[in-house]
There are 4 protein chains.
Amino acid sequence: MHTVVESESRSPSPPSGAAALTRVAVAGATGFTGQELLRLLSRHPSVQLIAAMSSGATAAARKLPGLARLWSGEITPLSPDTLRQSDVVFLALPDAAAAELAPALVDAGVRVIDLSGAFRLTAPAERARWYPETRRVPDGAVYGLTELAGGAVAGARLVANPGCYPTATLLALAPLASAGLLAPGSDIIIDAKSGVSGAGKTPSERTHFSEIHGSMGAYGVFGHRHGAEIEQGIAAATSDPHPMTFVPHLVPLDRGILSTIYLRLAPGTTEDALAAVYQQAYAAAPFIRLVGSSLPEIKHVAHTNFCDVGWRVDASGRAVLVSVIDNLLKGASGQAVQNLNVMLGVDERTALW
Amino acid sequence: MHTVVESESRSPSPPSGAAALTRVAVAGATGFTGQELLRLLSRHPSVQLIAAMSSGATAAARKLPGLARLWSGEITPLSPDTLRQSDVVFLALPDAAAAELAPALVDAGVRVIDLSGAFRLTAPAERARWYPETRRVPDGAVYGLTELAGGAVAGARLVANPGCYPTATLLALAPLASAGLLAPGSDIIIDAKSGVSGAGKTPSERTHFSEIHGSMGAYGVFGHRHGAEIEQGIAAATSDPHPMTFVPHLVPLDRGILSTIYLRLAPGTTEDALAAVYQQAYAAAPFIRLVGSSLPEIKHVAHTNFCDVGWRVDASGRAVLVSVIDNLLKGASGQAVQNLNVMLGVDERTALW
Amino acid sequence: MHTVVESESRSPSPPSGAAALTRVAVAGATGFTGQELLRLLSRHPSVQLIAAMSSGATAAARKLPGLARLWSGEITPLSPDTLRQSDVVFLALPDAAAAELAPALVDAGVRVIDLSGAFRLTAPAERARWYPETRRVPDGAVYGLTELAGGAVAGARLVANPGCYPTATLLALAPLASAGLLAPGSDIIIDAKSGVSGAGKTPSERTHFSEIHGSMGAYGVFGHRHGAEIEQGIAAATSDPHPMTFVPHLVPLDRGILSTIYLRLAPGTTEDALAAVYQQAYAAAPFIRLVGSSLPEIKHVAHTNFCDVGWRVDASGRAVLVSVIDNLLKGASGQAVQNLNVMLGVDERTALW
Amino acid sequence: MHTVVESESRSPSPPSGAAALTRVAVAGATGFTGQELLRLLSRHPSVQLIAAMSSGATAAARKLPGLARLWSGEITPLSPDTLRQSDVVFLALPDAAAAELAPALVDAGVRVIDLSGAFRLTAPAERARWYPETRRVPDGAVYGLTELAGGAVAGARLVANPGCYPTATLLALAPLASAGLLAPGSDIIIDAKSGVSGAGKTPSERTHFSEIHGSMGAYGVFGHRHGAEIEQGIAAATSDPHPMTFVPHLVPLDRGILSTIYLRLAPGTTEDALAAVYQQAYAAAPFIRLVGSSLPEIKHVAHTNFCDVGWRVDASGRAVLVSVIDNLLKGASGQAVQNLNVMLGVDERTALW
């Protein structure tokens, strides 16, 4: 019913409008990111959501109470056949399942947007270390940090949707590195804080409410695979080597990442020069909001696809960058739909604004 | 920029589309409900937001970081002149300010949607007790609990937008009372739990994070003005008198109300009969979701305009009703926009879905 | 006052003091209540903690980082032999395990304080319904709601430590019922709200941080076994039958229960009469704090063994009682140690103040 | 062990014990740290709490519901005369009030433990910059980071109780700096996260529940006075200059600080060498728990006076140190009582274990 009303109001010429709808499927629809995908795609005017699948769905289709009225479909068991009949497939699956499914789908002519980590690292050695399940990367694979990918996403066959920590971090860091604003060899320290939804929906002692409420801790020091993804992003922005330290923390909130980045600027770099670089880099980026010295807060981006970036520079050339996103939207499903929009050639903000 | 793109995609005939826009202003735009109004109205295709005012705005216009890019306007000082040039004015002001402003605006031909309590109680004695600042109620004033108001909102000159507790409570309770399903004279116990945003944005000891985190308490026992509003709603639904006890509680979450209602059913009333009454009452109500015995949870309605209603009945005729809303949306600004939609004759879901 | 009592109870006769220590063991030491028991018993001057066991402990003893320095022992696998060598055993185990272990321990001359539900219900039919694993109740079993048990706990062989909801609820309700202050046949509505630690430490979808943060819901309507325990407590206080409705809710905090109780008072009962009944009932109860019309809040009892009780009465004889406890202390491990103190004849506050 | 120590310290000579009690007063008793002081001092066997004063106390003495039964006193208006009759005075007042009161009290022979920042910075220029209200520092003033102060606290006339961030940070950082384990000139990056109680009890927009719940942000970048205090602590530990960057963040929890510290180690420093330095530094420190590579979490120190310190070192000589405290206890009132114990010559853990 909702669909009817919206399509009426949005599409002045129904006959051709209906024909143009892109057939989209979601594999892994019951996790946190899968449900966000359903929410976004169900209101996307250019797509027809033909299937929402769960590898864990039993005979009795799962109910998703929060999506009642917004989406009238049912969760069905994972069916590669159905996936092959789609124009675009979103994979919100564990790494191993995505590593196996994606190449076959691309071979079958389906475009894939993969939210797992299986295809994010391009250097074979790094990929083998962190994602050993990935045996083959299809042609046409693109790392889909939308704002930094140039036009590559538009023609991609497979989009490796970035991790949440790398998204927040690289959007603040990469423009400065690309513009040569980092002091040569400067250490880069990334202290990141994430809400609990980033840990996924599977219950564990670590995600128990009573373990997190009123607490906080660091984890994955010197050994988080998102560190490798961030290093890849820095190397793509500058050939100057920069030792990078990445420490994620789990904080007692549901949605949101805040990344605080510490570095030294090239001698003579002013706060104005830094601001100018950001403004140029993101002049055409609707989802990047530059807040400068007022510093961003998670509450302003929660439940949105925005990334807010702020910064402070001191007289001795030290800089502190702060970047915030909603980890389930700009850090996962929102960016995935943003990439879909780029692939379809529609307004980047469709279904996200 | 955003507006241009959306209006392009939504309105096939721009010249006449622009002419038809309703001129809307918000008075009290920096509080929690005011900011939600801006967020909703900035994406509403039928309105032009001509002013967003704050009685506390100083010379330097306030920034609203969360609304950057979504709304490009500025908060300006309260100006009755500008309000009089609007087609519709939303008042998100303290009771006293609304009580004074609203009648004058209605006299000037402006339609008013008032989110304060000033005009909610229709019995003069009750209004004088709880809202002594209200000296005059303009003609054409309607209590705007949308789903229960019948068609009255469509032609209203002033809509008294309901309180958050009465909205959650009456949407569950009124259909049963109207249908004669309550046992004659049955006590009605309403134990309601609200997130902290319901207490408003003004800092106080009571809303300090450290007072509420990890805590909970009852307040306003036998003396909350929303109790009078609920009693008015019950009396509108049934002439049978029912002693009503209403106890609100403050719980450590930001957005959301859960109302648990205890009553006795007329002898012989089955759970099926109860379900049938609800289904009939809300057959055409897009924002009411009936979840029955699975019972609703706040997380499924947070950040939406939905009201989810569940219930359980036991063999001896006792019923427990549970109703949840987002207090800032269905409990305030969302319902206000829903009422605007009814007044404008557009789809009730516009800007809310 | 406190200082005097403690120093008296701790060092009456230093030389022989060591010889007089009671040998205590905890079975089920790694759950939330088990860890609280260790914390309390490790500082109890009258006991020697000889073993802390976990049915899930593997070969490598578990670390409990929060207890480092406070308790130097190790968690060991469950050993019935070692338990039989104790003077007093605390069982913080699942119902079935407790139902099996407790009678054998009592037979062996060990006094047992059981935190499970296995022995709480005294009517065989009710016990068979809610705790079917319980096949035999040893002689000398006592329901250990300390303040209401009279002297029975002192000589008990087995103390059935009450449930968290019944503790909070009955401490507010029972004195009024015992004193005949309830209107004949008055409905009793109990709307209870609990923090998440009450759901236990085992991870589940229901206790996932992201499911609870920012949310709230009712559960177990008309079917929670604590309802049977509350009914038993009411029946023990008054022979007048009172229909009782109990609805628990899960709220987004870690520790604490708030129980709101609705009832009608016998005609003519004043607020003063009600206060007098409470004051008499709890004149010698160090852990009950009567706050009257100021109403209690969870934050004042969190991390303590206190139960704060408040109330409001209206002119028509309706009463609202509000009671708060820390569910892991007065609602579980704190009350268990309080019962131990009564059994040992030491100051009731030892290790709890 | 604990039991033995406490009973020794509590009743060395019962008859004269009462005569030996130290007369203690608290000025600023209604703030978060003031209430913690009352809680701790009310159970301290060596002190008599003769007055608890509030500069804001009105004629009607304030009630502190959480302390009912634990402390039977009343909050009274600030009275310098009464303070002068004390042996030891705790000042939990704003900086300006402490700056004025403390010297006069010391002149009068009263020992002062000051929880404000007024006397923390010893370099006149730094003190003048950050605490301009401090016009005179009395003789015998000591910076009271207990574990690092050597024996200086024992004879102090005025103890400047450290800030919460410096306490957490310097306890992790100073031993390494003192032992020469930092690479010469290594940058030191301190990314600290604090619960909201650290912002004090005065309501403000910044401490409103709805501003913080579900959010997080950095503040005070390059301009927090605790940064100067940390730099002073580093300079006391090593003469080698180290550029220091300190960025605090406000996180959605009530109590607790987590400080993550990034630095480079002197070439060849192993993780074992680092651990050995810590073990030696804190061999006699009951409140420092070294957790090494398992990394500490706030929940293990909340409501205690512990500081848990963990660390990780990588092959290239980078180190990440993580330190956690309860900001109201080890970061304020707990450390203040610990300092009192040192001043009185009683067991350091008295009233804190």
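In the predicted model, helix 3 (residues 32–41) of chain D lies across strand 1 (22–27), strand 2 (47–54) and strand 4 (88–91) of chain D. Helix 3 of chain D runs at about 160° to strand 1 of chain D. Angles run from 0 to 180 degrees between N-to-C directions, with axes fitted to C-alpha atoms, for helices over the stretch in contact. Helix 11 (residues 329–344) of chain D packs on the sheet and touches strand 1, strand 4, strand 5 (111–114) and strand 7 of chain D. The direction of helix 11 makes about 155° with that of strand 5 of chain D. Helices (H or I, at least four residues) and strands (E, at least two) are DSSP runs, numbered from the N terminus. Residues are numbered from 1 along each chain as written, with chains lettered from A and ligands numbered from 1 in written order. In this predicted model, local features need pLDDT of at least 70 and side-chain atom pairs count only at pLDDT 80 or more, whereas totals for chains, interfaces and linings use all residues.

The open sheet of chain D has seven strands in the order 3-2-1-4-5-7-6, with parallel pairing. Pairing requires at least two DSSP bridges between two strands. Strand 3 (75–77) and strand 6 (141–143) of chain D are the edge strands. The twist averages 25° from one strand to the next. Strand 6 pairs with strand 7 (residues 158–160) of chain D over three bridges, in the parallel sense. Here D:V142 stands opposite D:V159.

The contact between chains takes 31 residues from chain A and 31 residues from chain D. Contact means C-beta atoms, placed from the backbone, within 7 Å.

Notes:
Two residues are in contact if their C-beta atoms, placed from the backbone, lie within 7 Å.
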